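Hello,

Here is the structure I promised to pass on. Please have it open while you read; my notes follow below.

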Amino acid sequence: MNVLTAPPHHKITVAEAEKTILVALIGQPNVGKSTIFNLLTGLNQHVGNWPGKTVERKEGSFTFREITYRLVDLPGTYSLTANSAEEVIAREFIIRERPDVVVALVDAAILERSLYLVAELVALPAPVIVALNMMDVARQEGFEIEPEVLEAALGVPVVPMTATRSEGVQELLETVDRVARGDAYVDYAPKPPRIRADHQEVLQEVEILIDGCVPDPYPQEWVALKLLEGDHEITRMMQDCLSDEEWEAVHDVLRAHDDALVAVASGRYEWIGRMIRAAVTRPRAGQIGLTERLDRWATHPFWGMLILAGILGLIFWLTYTVGAPLQDLLDVYVVGALGELARTGLVGAPAWFTDLVADGIIGGVGAMLTFLPILVIFFAVMGMLEDIGYLARAAYVMDGFMHLMGLHGKSFLPLFLGFGCNVPAVLGARVIESERARLLTILLAPLIPCTARMTVIAFLAPAFFGSAATFVSWGMILLALVVLALSGVLINKTIFRGQRAAFIMELPLYHLPNWRTIGMRVWQRSLSFVHKAGTLILVVSVVVWALSALPGGDVEDSFLAHIGRLFEPVGRLMGFDWRLTVALLASFIAKENSIATLGVLFGAGDAEAGGLAEMLASAFPASTALAFLAVQMLFIPCVATVAVVRQETGSWRWTLFNLGFLLVVSLTAGIAIYWLAHLAGL
Amino acid sequence: MRSRNRSRAHKAALSPGSNDKVPLSTLHTGEHGVVVELANGRCMLGRMASLGFTPGAEVTILQNFGRGPLIARVRGARVALGRGEAGRVYVRRSI
């Protein structure tokens with residue numbers, strides 16, 4: 001019998017039509033969730049974070065048959081056991097917010113595995129609709145799926161669809177509408193999986209022990225199941241709710257059956273097996289698909305590396321041929337023109353005010369805007385590689401190497417692209433699922449020598465070292481990378497206590513990129529950069545500008561110079577005078593600022609003219625020069641990087657830790673290099 | 001080619017007791033097995049189960065170069081596993 005054509009349960013009332021209906025979208029990773037989310041909501045969506053978490057929260061709305069629906073995109077998760085923040089967020093939302101409908105997206109081509117999440121969902125008290133996505137891929141792979149049979153077996157509505165071609169969207173909306181109305185749901189009768197037969201008694205035992213003590217709104221049987229699965233959050237919750245003796249009794253049972261997790265999971269797969277035997281036939285199995293053929297190259301230890309290197313080369317080429325000129329254009333025609341405009345517009349105003357607007361504020365806005373071309377390219381490329389399915393392969397190829405530093409294979413691409421600019425490197429860490437590896441990647445990203453730092457090195461190294469400049473520059477890059485690796489090992493061993501990030505990751509099927517999904521992602525990420533990081537960049541830029549311009553308008557007598565003099569004793573450990581210290585401080589707005597500041601402080605006029613180089617070379621010995629270059633390389637990053645570190649870690653504590661760490665590391669390295677060079681007679 | 005020969009030799013050597021459980025990491029590219037035991041820590045066990053690894057699951061090795069991570073097909077999905085993780089999944093070879 002078709003669930004959907006059963007007699008209506010009750011008619012929709014006016015009051016119900018006016019209230020918005022809450023729909024949750026959930027699915028395992030790589031099932032096309034964003035595509036469907038974008039299809040349904042279009043531009044009616046906004047992106048934020050889940051409260052207190054660094055997990056992205058997408059919410060949008062759409063109207064269907066004059067009813068407004070609020071659609072919440074839950075994080076992609078393989079299960080609902082508290083392995084990660086994503087899983088906790090997803091299940092807490094369903095249990096606490098009680099969405100009117102839960103749309104569970106399933107990959108028809110990997111039906112057996114992707115129904116695992118559904119097996120968990122049907123045990124929760126919210127009506128589920130299974131959206132059977134990627135029907136086209138399933139057909140190509142040789143599966144024949146009968147949605148009606150699956151529907152009858154599951155006891156919940158099943159809607160076949162191919163989101164990339166917008167097929168099945170209308171049917172999905174109609175089904176959501178019916179379920180939300182409570183219509184036809186006399187027969188909404190999910191048949192949740194049961195724990196494997198040999199553990200059914202244990203489950204009952206636990207249920208009896210916790211009977212009446214489970215806090216609202218958690219379903220009792222579900223809590224018992226989660227206890228047996230060893231779920232940390234639920235275990236802690238029940239430990240708090242039960243008296244010591246009661247908990248002791250529960251704990252004894254759990255300890256005697258610490259293999260129960262496998263029984264619970266097996267029970268779910270047995271249930272899935274029954275569904276699949278009923279609804280799926282696979283007449284031609286075992287043929288080699290496109291994915292297998294591509295993976296022979298993409299995941300090969302040698303060819304895979306070569307392909308990755310090629311892709312990285314292409315990204316850098318794109319950044320320099322498209323991004324850099326765009327950056328210049330923005331700098332000259334937008335920021336420059338705005339500055340001019342402000343100066344002419346403020347002719348009568350006091351000089352300090354004109355400077356504040358033209359140099360401080362517009363300069364700050366410019367500092368932020370010029371990041372955009374690079375960021376857009378980066379987001380587009382990362383989005384495309386992720387959407388195609390290549391990102392997982394790159395991670396696979398690089399995992400062994402990255403693990404040495406306590407990182408994940410997925411850390412490689414963002415970190416490597418940090419050679420262009422650290423900002424996208426930090427933002428790119430989002431692709432890493434493991435929270436710890438993600439945090440470590442963010443903390444280490446500022447140690448990658450970015451283009452701006454290399455510009456400074458490229459200017460200063462020839463000034464100090466003449467023909468040995470190339471050697472020194474490469475030495476500095478090597479230094480930064482060695483420090484990065486050592487810091488990774490150190491942070492991993494101490495703060496994360498050497499817990500190794502386990503490597504287990506799905507390699508999704510390759511498919512053609514969905515430009516709409518990628519476009520939306522680029523748009524949202526860029527917007528959120530301007531919105532969140534932009535504010536901080538602007539404020540800090542204005543403050544540092546004010547420090548360097550006040551009270552007199554010259555850097556030499558500015559507050560910044562005073563601060564530089566204050567820190568002179570630290571600088572002297574490396575042979576710095578206050579001017580080098582001020583140059584370092586000024587590089588906080590943008591790394592290139594060091595050179596301009598040195599130019600002003602040494603009265604060399606135009607820094608690029610060459611006068612500065614000679615002055616510097618005659619003013620400092622090689623040991624100080626080496627130390628200065630090293631500190632410049634490892635020093636706290638520019639404000640834009642700090643802003644995104646704050647944005648992505650969601651915590652000032654980690655941001656300050658990162659700054660403190662880099663400060664200590666850079667100064668230690670600087671002092672060590674100075675004395676070593678000094679002792680070597682340089 | 002050579003690895004295929006070696007795998008045959010391996011199988012021959014084990015043939016009397018081919019019901020023995022072996023770590024997944026010892027299976028060669030193209031070989032199949034059925035999971036019999038997961039010896040991972042509890043937290044890892046949950047992740048592995050949600051990705052398809054439970055006792056009774058059929059596994060096919062899609063890539064194993066003898067070192068570094070390997071790729072297995074389990075329950076219709078391709079999953080990459082670290083060598084350490086794969087060493088704690090015990091399987092029974094099936095032909």
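Helix 15 of chain A first. Its buried residues are covered by, among others, helix 14 (303–345), helix 23 (515–549) and helix 30 (639–649) of chain A. Contact here is a C-beta to C-beta distance within 7 Å, with C-beta atoms placed from the backbone. Helices (H or I, at least four residues) and strands (E, at least two) are DSSP runs, numbered from the N terminus.

Before going further: this is a predicted model, where local features need pLDDT of at least 70, side-chain atom pairs count only at pLDDT 80 or more, and totals for chains, interfaces and linings use all residues. Residues are numbered from 1 along each chain as its sequence is written, while chains are lettered from A and ligands numbered from 1 in the order in which they are written.

Back to helix 15 of chain A. The buried residues include A:Asp355, A:Leu356, A:Asp359 and A:Gly363. Buried means 20 or more other C-beta atoms within 10 Å of the residue's own; exposed means 12 or fewer, and partly exposed is in between. Helix 15 of chain A also has a kink of about 30 degrees, centred on A:Gly363. The bend is the angle between axes fitted to the seven residues ending at a residue and the seven starting there.

Next, a helix pair. The axes of helix 9 (residues 220–229) and helix 12 (residues 260–279) of chain A come within 7 Å and cross at roughly 125 degrees. Helix 9 of chain A is therefore oblique to helix 12 of chain A. Angles under 35 degrees count as roughly parallel, over 145 as roughly antiparallel, 65 to 115 as roughly perpendicular and the rest as oblique. Helix 9 of chain A brings A:Leu225, A:Leu228 and A:Glu229 to the contact, and helix 12 of chain A brings A:Ala260, A:Leu261 and A:Val264.

Now the two chains. Their contact takes 28 residues from chain A and 30 residues from chain B. Helix 12 of chain A gives the largest share of chain A's side, five residues.

The peptide bond from A:Asp216 to A:Pro217 is cis, with omega near -15 degrees. A:Pro217 sits in the loop between helix 8 (200–210) and helix 9 of chain A. A:Asn30 is not a glycine, yet has a positive phi of about 65 degrees. A:Asn30 counts as buried because it has 21 C-beta neighbours inside 10 Å. A:Met134, also not a glycine, has a positive phi of about 60 degrees. A:Met134 has 28 C-beta neighbours inside 10 Å, so it counts as buried.

Best wishes

Note on methods:
Two residues are in contact if their C-beta atoms, placed from the backbone, lie within 7 Å. Axes are lines fitted to C-alpha atoms, for helices over the stretch in contact, and angles run from 0 to 180 degrees between N-to-C directions.
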